[in-house]
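The sequence and model come first.

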Amino acid sequence: MMRKLGILCLVFLMIASLGACGISQGAESVEERDTLAVDDSTLTEEGDDADAEAVQEAEEVSSETTGTAPNEQAVGDAGVFDLENGMVLLNSGYEMPILGIGCFRLSQSQAEDSVYWALRDGYRLIDTARIYGNEEGVGRGIQRAIDEGICTREEIFVTTKMWTDDFGDGDAAIDASLSRLDLEYIDLMILHHSQPSNDVEAYQAMERAVEASKLKSIGLSNYYEPEDFDRLVDATTITPALLQNETHPYHQSTVMKEHIAQYGTVMESWFPLGGRGNTQVLFDDETISSIATEHGKTSAQVILRWHLQAGNIAIPGSSNEAHIQENFEVFDFELTEDEMQRLTALDKDQRFAGY
Ligand code: NAD
């Protein structure tokens with residue numbers, strides 16, 4: 001009963017917040033899912049934002065703020081962003097940081113360093129994937145930070161993704177990611193892409209892993225149509241905690257965001273800055289750059305602050321120590337309602353990735 005009441009409140013709050021942001025409904029383009037596995041050896045970042053070429057490749061609360069145990073009573077507040085503490089309560093009952101480091105295209109050693117620097121700078125959320133080929137590096141970066149007393153395992157939130165090729169044997173894929181990350185549990189695992197032939201099967205493996213305490217929360221990535229999202233939800237038991245889709249000022253994912261709100265599912269933005277090869281387009285956008293100048297901030301910081309105030313978890317990727325630090329310095333300023341509206345008005349329903 002309490003849970004149902006909580007979900008009702010949540011739906012109301014989320015719809016109200018979308019309305020307050022002046023978010024309009026727009027048709028979301030349906031993009032072709034990339035079915036190609038990525039050659040791990042190509043997934044290295046060559047330096048921030050020389051941004052050589054466009055990327056076309058695959059890619060519940062504890063009593064305090066840790067991921068150790070869900071707080072059932074608090075689920076009614078799920079989906080509401082706490083910008084003071086940089087956290088959001090998931091419908092699973094776990095709290096999740098709203099800003100993290102993304103590890104797409106980082107080599108093992110880059111991932112290790114980037115994760116370590118990020119944790120040192122205050123980040124507590126890390127996003128990787130089996131297909132990035134850097135889960136071991138991520139695990140080493142985490143261990144370095146823990147060994148140095150920067151954080152504890154319970155204070156950090158680790159996300160990885162199950163790649164489509166692995167959907168046929170999800171149980172093994174989960175164990176393999178746990179082993180590569182060298183972790184006893186993963187805070188969030190998501191299916192990397194919609195794959196109607198066997199994604200339900202893969203999701204059910206994740207449900208079993210939640211039961212076995214190997215995973216805390218589970219979710220989805222790259223589901224761009226409400227019907228596709230509902231297909232998966234209707235066939236499974238645990239409501240996805242999160243949907244990770246390409247989301248940035250030019251592609252604000254309003255239709256999917258409004259759709260998933262009814263489930264208490266939150267949106268997480270991949271390509272939050274537009275993605276490698278596209279960032280300059282957003283950084284040079286007149287509205288974004290002028291707001292940045294007004295605040296004495298960089299365009300990257302304004303975009304990231306917009307994500308957080310709009311209710312999107314953001315996971316900017318970088319292997320550049322200075323950029324990693326810069327991207328976390330977004331909790332010391334606030335965009336006005338007018339600025340938020342100007343940024344919301346930039347939505348062109350334009351994706352940068354082709355998958
Ligand atoms: P992004 O939008 O975070 O942009 C990354 C690019 O921006 C890199 O070239 C980086 O060098 C540059 N950059 C970062 N901070 C900067 C700064 N302050 N100033 C200038 N340049 C800066 O794109 P991304 O890394 O591809 O996406 C973010 C994360 O989302 C990934 O790392 C990955 O974890 C995840 N992701 C998931 C999927 C998926 O299919 N689920 C797809 C792509 C990415």
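Which residues of strand 6 point one way and which the other way? Phe157, Thr159 and Lys161 point one way, Val158, Thr160 and Met162 point the other way, and all are buried.

## Basis

This is a predicted model, in which local features need pLDDT of at least 70, side-chain atom pairs count only at pLDDT 80 or more, and totals for chains, interfaces and linings use all residues. Residues are numbered from 1 along each chain as its sequence is written, and side-chain values use heavy atoms, with hydrogens and water left out.

Strands (E, at least two residues) and helices (H or I, at least four) are DSSP runs numbered from the N terminus.

Strands pair if DSSP finds at least two bridges between them. Strand 5 (residues 125-127) runs parallel to strand 6, joined by three bridges. The chain crosses between them through helix 3 (residues 135-147), a right-handed β-α-β crossover (clockwise from the first strand over the helix to the second, with the strands pointing away from the viewer). Four bridges join strand 6 to the parallel strand 7 (residues 186-191), with lysine 161 opposite isoleucine 190.

## Strand 9

Five of the five residues of strand 9 (residues 242-246) are buried, so strand 9 is also largely enclosed by the rest of the structure. Strand 9 pairs with strand 10 (residues 266-270) in the parallel sense over five bridges; glutamate 246 has tryptophan 270 as bridge partner.

Conventions. Buried means under 20% relative accessible area, exposed over 50%, partly exposed in between (1.4 Å probe, protein chains only).
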